[in-house]
Amino acid sequence: MNLQDIAKEVIAVLGTGHQLAPFSKAYPDFGLKEAYQVTAAVRAEREARGERPIGRKIGFTNRTIWAEYGVHAPIWGYVYEGTVCNLTSDPLEVSLKGLAEPRIEPEIMFGLAAPPEPGMGEEAIIHCIDWIAHGFEIVQSIFPNWSFQAPDTVAAYGLHGRLFVGPRHSAAPRCDKWPRELSVFEIDLFRNGVHIDHGAAANVLDGPLFALRHLAETLGRDPKSPPLAAGEIVTTGTLTRAFPVTAGEEWSTRLTGIPLEDARIRFV
């Protein structure tokens, strides 16, 4: 098992839509420790190509889907300047070209004013946040049929494809209200106007603030991975199940219990 060779394989299919056999099948000893070393190697190669990491995605925070994917804990990966885009008031038209078996995930995103520390409570974490937004992450699987083990997903960009961020709302003016709202809000997901799924804040480790705390604690135990930093974007995981998307579909959300805009996106 050569981790640099695995990183080269991952880079080779980036943006092509092509897929690979899961590394865990060929290498039974391929675990999370090795997978995050691949993550670091892939980041270095992407930076050498001119890509700039600007934040993290947390995956598998939604415990209601762990059984579906055969995972038992969250993972994380990088998001890059070239994979992040702002949503617009009209449905943003997005191409799925280059993504492998893409799926849509409605999420809450944070912009960090300061890095949260392990063990912080909600009231402390909210003061580490510059802005709060709602939008979509488009995830992908370079492994056919979304069949993998957790270390495979870590090596494969954390399953990250694209991130679409809605209007950003400053955390400071409502720092006394956001913590509760971020723990109790609910969401409905629609495809072409038809209701597809219902989700809730509690699905993601009891709320997005807790997902952020989990990431800070995970990175705090990993001296080989960079800690969170001010200015980073963190997207906290899907609030509903993740659904396959194809060209010609329009997806939208409806939020209740939190003052964030609903999101809409159209695939072409």
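A cavity is a set of points on a 1 Å grid over the protein atoms alone where a 1.4 Å probe fits but cannot get out, whereas a pocket is an open set with protein on both sides within 12 Å along at least five of seven lines; lining residues have an atom within 4 Å of a point. The model is predicted, with local features needing pLDDT of at least 70 and side-chain atom pairs pLDDT 80 or more, while totals for chains, interfaces and linings use all residues. Residues are numbered from 1 along each chain as its sequence is written, and side-chain values use heavy atoms, without hydrogens and water.

Q: How many helices and strands does the chain have?
A: The C-alpha trace of the chain spans about 50 × 45 × 35 Å along its principal axes. Helices (H or I, at least four residues) and strands (E, at least two) are DSSP runs, numbered from the N terminus. Counted this way, the chain has eight helices and 14 strands.

Q: What share of the residues of the chain count as buried?
A: A residue is buried under 20% relative accessible area, exposed over 50% and partly exposed in between (1.4 Å probe, protein chains only). Of the 268 residues in the chain, the share that counts as buried is 56%.

Q: Among contacts between residues at least 6 apart in sequence, what share joins residues at least 24 apart?
A: Two residues are in contact when they have heavy atoms within 4.5 Å. Among the contacts in the chain that link residues at least 6 apart in sequence, the share that joins residues at least 24 apart is 76%.

Q: Which residues lie closest to the centre of the largest pocket?
A: The largest pocket holds about 210 Å³ of space, a volume being the space filled by probe spheres set on the points, which are joined across faces, edges and corners. Of its 14 lining residues, those closest to the centre are Leu 32, Tyr 36, Ala 73, Pro 74 and Ile 75.

Q: Which elements each supply at least two residues of the lining of the largest pocket?
A: By class, this lining has eight nonpolar, five polar and one charged residues. Ala, Val, Leu, Ile, Met, Phe, Trp, Tyr, Cys and Pro count as nonpolar, Asp, Glu, Lys and Arg as charged, and the others, Gly among them, as polar. The elements that each supply at least two residues to the lining of the largest pocket are helix 3 (32-48), strand 2 (75-80) and helix 8 (208-220).

Q: Which residues line the second largest pocket?
A: The second largest pocket has about 180 Å³ of space. Its lining has three nonpolar, two polar and three charged residues. They are Lys 33, Tyr 36, Gln 37, Ala 40, Asp 222, Pro 223, Lys 224 and Ser 225.

Q: What is the volume of the largest cavity?
A: Three cavities of 30 Å³ or more are found in a search of the whole structure. The largest cavity has 17 lining residues, with Gly 59, Phe 60, Glu 105, Val 139 and Leu 159 nearest its centre. Strand 1 (residues 53-59) gives the largest share of this lining, three residues. The volume of the largest cavity is about 110 Å³.

Q: Which element gives the most to the lining of the second largest cavity?
A: This cavity, with about 60 Å³ of space, is lined by Thr 39, Val 42, Arg 43, Arg 46, Gly 77, Tyr 78, Tyr 80, Val 154, Ala 155 and Tyr 157. Helix 3, strand 2 and helix 6 (150-155) give two or more residues each. With four residues, the element that gives the most is helix 3.

Q: Is Thr 61 buried or exposed?
A: Thr 61 is in the loop between strand 1 and helix 4 (66-69). Leaving out residues up to four places away in sequence, Thr 61 touches Trp 66, Pro 74, Asn 203, Val 204, Leu 205, Ala 211, Thr 236, Gly 237 and Thr 238. Its relative accessible area is 0%, so Thr 61 is buried.

Q: How far apart in space are Val 165 and Ile 233, C-alpha to C-alpha?
A: Val 165 belongs to strand 7 (residues 160-165) and counts as buried because its relative accessibility is 0%. Beyond four places in sequence, its contacts include Val 84, Met 109 and Trp 131. Val 165 and Ile 233 are 68 residues apart in sequence, and their C-alpha distance is 9.8 Å.

Q: What is the relative accessible area of Asp 197?
A: Asp 197 sits in strand 10 (residues 194-200). Apart from neighbours within four places in sequence, Asp 197 is in contact with Ile 187, Asp 188, Leu 189, Thr 240, Arg 241 and Phe 243. Asp 197 is buried, and its relative accessible area is 12%.
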